[in-house]
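Q: I would like to learn how to read a structure feature by feature. Could you take me through this one slowly, giving the idea and then the case?

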Amino acid sequence: MADRAAVRPHKVVYSIGRLLSVPLETVQQKSSDTRGLWRRSAFLHGRYLERTQRARGRRVAAHRNRHTQCKDRTSGGSSESSGAETVVAMSDEMTVALLPNVEAPDAPPLMAPGRPTVAILGSGDFSRSLAVRLVACGVSVVVGSRCVKRIAPGLFPDAVELKDQEGAVARADRLVFLALFPEHYPSLLGLRASLAGKVLVDVSNAVKLGRSRLSNAEQLAEMFPESVVVKGFNVISAWTLQTGAQDGNRQVMLCSDSVEGKNEVAQLARRMGFHPVDLGGLCFAQDLESVPLGLFPLWHGPVLTTFLLFLFFYGYGFIRGILLPYLANGRNAFYRLAFDLVNESLPAVALVTLALVYLPGLFAAWLQLWRGTKYQRFPCWLEGWLLRRKQLGLLSFLCAALHGVYSLCLPLRTAARYRLINAAYAQVKAGVEEPWDELGVWRSDLYLSFGVLGLGVLSLLAITSLPAVGNILTWREFTFVQSGLGYVALTLSITHTLVFGWNFAFSAQAYAFYMPPSYMLAVALPCAVLVCRCFLLLPCVSGRLARIRRGWESTRKCPVSQHHHVVANSTCPEV
């Protein structure tokens, strides 16, 4: 009867399965019944575990008794007391959990149990966004203001407690966010005793770039020497705090002289869904405060280079195609300044800029071949150039896309309609019924096709350069797209330009005023880059470069140690 009354495992699983199959609407409508089902399922599961342990204990005891009886028959002795002690010990072991509830040694310590209370001094936009985020993460928030009455009703969530600054500091467990401008820090000197032992999180930023004085966090540490100052959350915007970490930058950079204080702020950042990054001591606070003031720091050089290239080709086209014909022949073509000249300059800039993307990689390869080692740093100008290849590629794509849009708008111009009418009138006057230029048709179709293909591959390069797309690619995939397809885009662009020029480069009319066309100047550097790349693909050159990049060094760089290493291991190629 006891076995029949015992709860079977499949019945417990069936009860829990029926419970999990209940729809969400039913659970919401019958919450009390659902809680009862959960309690009953948990009770039955506990009874099942208890009875299973008891049955196992009885089986162990029976096995021990049989073993003891057999031993008594052979030895003539009795060990009932020892057997009983063993059974009791084994029964006690059944109640000990197999996996104790301990944390992994590498896991960060958790925050205080329950709902920790965090104080925020200040009632501005950042304070409100921070309070909303903390409340959503289950943290009790107390906002301290110099004048609580001026805070409009509904500005903060209902779960946020509004007090004066002294009351908010008193309610805080450990962390106090200073959402104030640095010039208001001296107003907190009266709370120095209350802030003693607290962790002050400074979220302020610098007003201007420069190192003429101490950072805001260092000044705060001098004002409150008995408090722990942590610099952080200053690179997180109010929008990111309100919408969540998935819609903005997940990194929260921290720096402080107190490891314990940084750990507490890092735990809170993880609880909010961010990824804390430790930058070191408080001496790095000035660099951290200057981060939000940077205006595209990696884009200055590429934008300036692209702008100068555009000015060069635009000015060259103006002098060659507009100014000199006007001075020599009196022909007025100044209407070309607004559209034609821009459309002629953009593809030249795009082609040269794309060549500048792959030129520093060739320089780096030739330097490694010449030095015979990869363990020497590149020059500073080359390192900066290598770091800005992504920006140059995006600017090249921008110029190419603008050139495509300008080309699509060519038939919409009034000048194009006049040219079409004049051409038709000339054909009628000449008596030409069916004009057809087979060579011209092939030329136009070919260079348009190569241009569209080049723009398409360049668009793929621009898309994969986005962090959201590049992060899901492996290193081999990313290298194939950015390097392999990049040279394909460069080749298609060069072909587009050469087919557009056709045989005009060998005509004397193309060199008006002894000046070559702008597309001939634009194609020179890309062709040189492509030729150098093809030379690096030769087996004798590519093999040596591959060995160097895998750690091989020439004998003039490492004449003794590498020789012994080769003889001992016989894995590296001899010099």
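**Reading the strands, helices and loops**

A: Let us begin with strand E2, residues 140–145, in what is a predicted model: 6 of the 6 residues of this strand are buried, so E2 is largely enclosed by the rest of the structure.

Q: Which residues of E2 lie on one side, and which on the other?

A: The general idea is that in a regular strand the side chains alternate between the two faces of the sheet. In E2, Ser140, Val142 and Gly144 belong to one side, while Val141, Val143 and Ser145 belong to the other, and as all of these are buried, both faces of the strand are covered.

Q: Which strands pair with E2, and in what sense?

A: Strand E1, residues 117–121, pairs with E2 in the parallel sense over 5 bridges, and Ile120 stands opposite Val143 in E2. Strand E3, residues 161–164, also pairs with E2 in the parallel sense, here over 4 bridges, with Ser145 standing opposite Asp164 in E3.

Q: What unit do E1, H6 and E2 make?

A: Together, E1, H6 and E2 make a β-α-β unit, and this unit is right-handed.

Q: How many salt bridges does the structure hold, and what are some other cases?

A: The structure holds 13 salt bridges. One of them is formed by Glu344 and Arg336, whose closest N and O atoms are 2.6 Å apart; Glu344 is partly exposed at a relative accessible area of 36%, whereas Arg336 is buried at 14%. Another is formed by the side chains of Glu383 and Arg377, with an N to O distance of 2.8 Å; here Glu383 is partly exposed at 23% relative accessible area, and Arg377 counts as exposed at 63%. Salt bridges can also share partners, and in this way Arg336, Asp340, Glu344, Arg413 and Arg419 are joined into one network.

Q: What should I check in helix H13, and where does H13 bend?

A: One check is to compare the expected span with the distance between the ends. Helix H13, residues 340–371, has 32 residues, which at 1.5 Å a residue should span 46 Å, and this agrees with the 48 Å between its end C-alpha atoms. H13 bends by about 30 degrees at Val357, with a proline, Pro360, following within four residues. Because 26 of its 32 residues are buried, H13 is largely enclosed by the rest of the structure. Just after H13 comes Gly372, which takes a positive phi of about 75 degrees.

Q: Which residue other than glycine has a positive phi, and where is it found?

A: The background is that most residues other than glycine have a negative phi. Phe233 is one case with a positive value, near 65 degrees, and this residue is found in the loop between strand E6 (228–231) and helix H9 (238–243). Phe296 is another case, with a positive phi of about 50 degrees, and its place is the loop between helix H11 (285–290) and helix H12 (300–329).

Q: Is each of these two, Phe233 and Phe296, buried or exposed?

A: Phe233 is buried, with a relative accessible area of 0%, whereas Phe296 counts as exposed at 53% relative accessibility.

Q: What does the chain as a whole hold?

A: The chain has 22 helices and 8 strands, and buried residues make up 35% of its 575 residues.

Methods. Residues are numbered from 1 along each chain as its sequence is written. This is a predicted model: local features need pLDDT of at least 70, side-chain atom pairs count only at pLDDT 80 or more; totals for chains, interfaces and linings use all residues. Side-chain values use heavy atoms; hydrogens and water are left out. A salt bridge is a side-chain nitrogen of Lys or Arg within 4 Å of a carboxyl oxygen of Asp or Glu. Buried means under 20% relative accessible area, exposed over 50%, partly exposed in between (1.4 Å probe, protein chains only). Helices (H or I, at least four residues) and strands (E, at least two) are DSSP runs, numbered from the N terminus. The expected span of a helix is 1.5 Å times one less than its number of residues. The bend at a residue is the angle between axes fitted to the seven residues ending there and the seven starting there. Two strands pair if DSSP finds at least two bridges between them. A crossover is right-handed if, with the strands pointing away from the viewer, the path from the first strand over the helix to the second runs clockwise.
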